[in-house]
Amino acid sequence: MNPTALLYLEDFKLLNNKATVVEIRPEDSRTAIILDQTIFYPQGGGQPFDLGTIKGAQSLFTVTDVRLVDGIAKHFGTFEGAPFQSGETVECFVDAVRRVLHNRIHSAGHIIDKALVELNIAWQPGKSYHFANGPYVEYTGSLNGLDKDKLKADIERICNGWIKQGLEVKSIAMDKSQLTRRCQFVPSYIPEGKPVRVIFFGEFCSPCGGTHVGNISEIGAITIRKIKEADGAIRVSYDVAR
Ligand SMILES: [Zn+2]
């Protein structure tokens, strides 16, 4: 089976399109729909999956989970009406309210990384959680006597200054050697010799497969909820205006 064409990588704003059903597959007690191309974001990189619907000639499929397994996007959910046929053309609709919120929360995580660089704080980005119920970004490093209240205020001031100013977010494919020259943080798992998608927030860039805002002004105000150090990791909990 060919890998699913992941259209959300190219166009964050595409939330409605047509696709062809490749396979309808029972998996455990669930039904997985495989399409030739998808606009649905599968859960990964700390960002939750998209919800939405897939409409066929005779039926409607409500998407309740999306996963990417070995290059194949699996849309899990339930049918109303007869199941799709392989080869059928269907129309996909991503839940825009949920996606836009995740774009904003996820992009805010990148902007916090950028603010730390601006503040000359050399922490290495680690795990991130960009779910609506309490997003955070984690770093390897030490607070080393930094005043947490001042740091919270500094990050908020810098991020919200950029958000107010507005800055276009761009996506550029580059290989690891270019990436190492351009970006501050390059995770070790990035493969050599393969184009990698890099997201630019002005000069600051980061390899990333998530979905983002088109301009950082769309993030809205960022609040830093808490900065906590435990077991060699610093967790910066934040939120965006709701
Ligand atoms: Zn990203």
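What share of the 242 residues of the protein chain count as buried? The figure is 45%. This is a predicted model, and every value below was computed from it.

## The whole chain

Start with the overall build. The protein chain contains three helices and 15 strands. Its C-alpha trace spans about 60 × 40 × 35 Å along the principal axes.

How does the radius of gyration fit a compact globule? For 242 residues, such a globule would have a radius of gyration near 18 Å. The protein chain has 19 Å, which agrees.

Now look at the contacts. Take those between residues at least 6 apart in sequence: 64% of them join residues at least 24 apart.

The surface comes next. The protein chain exposes about 11,900 Å². Carbon and sulfur atoms supply 50% of that area.

Charge can be summed up briefly. The protein chain has 28 positive and 28 negative charges. Their mean positions lie 4 Å apart.

## The disulfide

A disulfide is a covalent bond between the sulfur atoms of two cysteines. The structure holds one disulfide. Cysteine 183 and cysteine 205 form it, with their sulfur atoms 2.4 Å apart. This pair links distant parts of the chain, 22 residues apart. Cysteine 183 sits in the loop between helix H3 (176-182) and strand E12 (196-201). Cysteine 205 belongs to strand E13 (residues 204-207).

Which hand does the disulfide have? The torsion about the S-S bond of cysteine 183 and cysteine 205 is about -125°, so the disulfide is left-handed.

Are these two cysteines buried or exposed? Buried means under 20% relative accessible area. Cysteine 183 has 6%, so it counts as buried. Cysteine 205 has 1%, so it is buried too.

| Residue | Relative accessibility | Class |
|---|---|---|
| Cysteine 92 | 0% | buried |
| Cysteine 183 | 6% | buried |
| Cysteine 205 | 1% | buried |
| Cysteine 208 | 15% | buried |

## A look at asparagine 17

Where is asparagine 17 found? It lies in strand E2 (residues 16-27). Its relative accessible area is 10%, so asparagine 17 is buried.

Which residues does asparagine 17 contact, leaving aside its neighbours within four places in sequence? They are Leu7, Gln37, Ile39, Val90, Glu91 and Cys92.

How values were computed: Residues numbered from 1 in each chain as written. Predicted model: local features only at pLDDT ≥ 70, side-chain atom pairs only at ≥ 80, totals over all residues. Heavy atoms only, no water. Helix = DSSP H or I, 4+ residues; strand = E, 2+ residues; numbered from the N terminus. Buried < 20%, exposed > 50% of the residue type's maximum accessible area, 1.4 Å probe, protein only. Contact = heavy atoms within 4.5 Å. Rg over C-alpha atoms; globule rule 2.2 N^0.38 Å. Areas by Shrake-Rupley, 256 points an atom, 1.4 Å probe, with all protein chains shown as cover. Lys, Arg positive; Asp, Glu negative; His and termini not counted. Charge placed at Lys NZ, Arg CZ, Asp CG, Glu CD. Disulfide = S-S within 2.5 Å.
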